[in-house]
Amino acid sequence: MTAETSQTLDRGLRVLKLLADTDHGLTVTELSHKLGVNRTVVYRLLATLEQHALVRRDLGGRARVGLGVLRLGRQVHPLVREAAMPALRSLAEDIGATAHLTLVDGAEALAVAVVEPSWTDYHVAYRAGFRHPLDRGAAGKAILAARQQRTDDPGYTLTHGELEAGACGAAAPLLGVTGVEGSVGVVMLADVVPERVGTRVLDAAREVAEALR
């Protein structure tokens with residue numbers, strides 16, 4: 001700890017991280033051991049976090065992450081969207097196709113940011129808020145590929161007609177961004193995706209990842 005940091009806040013954040021890493025919750029004694037502080041300190045930390053609904057305690061006294069964390073999490077999407085927009089605009093204009101940022105939401109892929117090209121006569125309409133299964137479409141499959149791939153660069157994913165007849169997709173996963181699992185991609189009306197599109201999508205995914213770090 002340095003003079004500019006708060007020990008109490010640091011401990012409170014550590015409590016939340018510890019609780020987020022367990023499915024069955026932790027007791028005051030367990031938290032005390034993990035934090036290296038006495039039980040009185042843990043009681044005070046939990047009481048404060050409970051007041052903000054960030055922690056809840058069940059009938060057995062085990063502490064778990066509270067619903068207040070979900071409310072905070074909902075504010076992540078606008079921040080991620082804002083950071084990704086410059087790279088998405090560049091991608092859409094360069095390729096002439098609809099560009100999107102997609103994040104994992106449970107078992108689904110959720111488009112949180114979409115940019116359509118300004119100069120094309122026609123393009124695929126793709127709206128923020130659109131959901132689809134992770135195992136369908138380039139955006140979701142790119143995320144699944146990153147989960148399964150042990151290398152630092154799983155490359156890009158191409159699909160055809162999986163979400164919309166006649167539409168092709170190309171997507172690359174976001175890599176190295178703590179707490180964010182997603183992909184950047186494009187969707188276009190074409191029989192095949194031009195070769196340069198995959199490389200350009202990879203570059204855009206790296207740009208977005210860098211903006212989020």
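Over how many bridges do strand 4 and strand 5 pair, and in which sense, parallel or antiparallel? In this predicted model, strand 4 (residues 108-115) joins strand 5 through three bridges, in the antiparallel sense. One place to look is Glu 108, whose bridge partner in strand 5 is Pro 133.

Now step back to take in the sheet around that pair. Six strands form an open sheet in the order 5-4-3-8-7-6, with antiparallel pairing. Strand 5 (131-133) and strand 6 (157-160) each have a single partner strand and stand at the edges, so one side of each is left without a neighbour in the sheet. From one strand to the next, the twist averages 30 degrees. As a reminder, strands of a sheet pair through backbone hydrogen bonds, either parallel or antiparallel.

Next, follow the helices that lie across these strands. Helix 5 (residues 76-95) lies across strand 3 (98-105), strand 4 and strand 8 (182-189), and helix 5 runs at about 65 degrees to strand 4. Helix 6 (residues 138-148) lies across strand 3, strand 4, strand 5, strand 6, strand 7 (167-173) and strand 8. The angle between helix 6 and strand 7 is about 30 degrees.

Arg 11 is buried, yet has no salt bridge. The nearest side chain of opposite charge belongs to Asp 10, 6.2 Å away, while a salt bridge would call for a distance within 4 Å. Leaving aside residues up to four places away in sequence, Arg 11 touches Leu 35, Val 37, Val 41 and Leu 45.

Note on methods
Residues numbered from 1 in each chain as written. Predicted model: local features only at pLDDT ≥ 70, side-chain atom pairs only at ≥ 80, totals over all residues. Heavy atoms only, no water. Buried < 20%, exposed > 50% of the residue type's maximum accessible area, 1.4 Å probe, protein only. Lys, Arg positive; Asp, Glu negative; His and termini not counted. Contact = heavy atoms within 4.5 Å. Pairing = 2+ DSSP bridges. Helix = DSSP H or I, 4+ residues; strand = E, 2+ residues; numbered from the N terminus. Axes fitted to C-alpha atoms, helices over the stretch in contact; angles between N-to-C directions.
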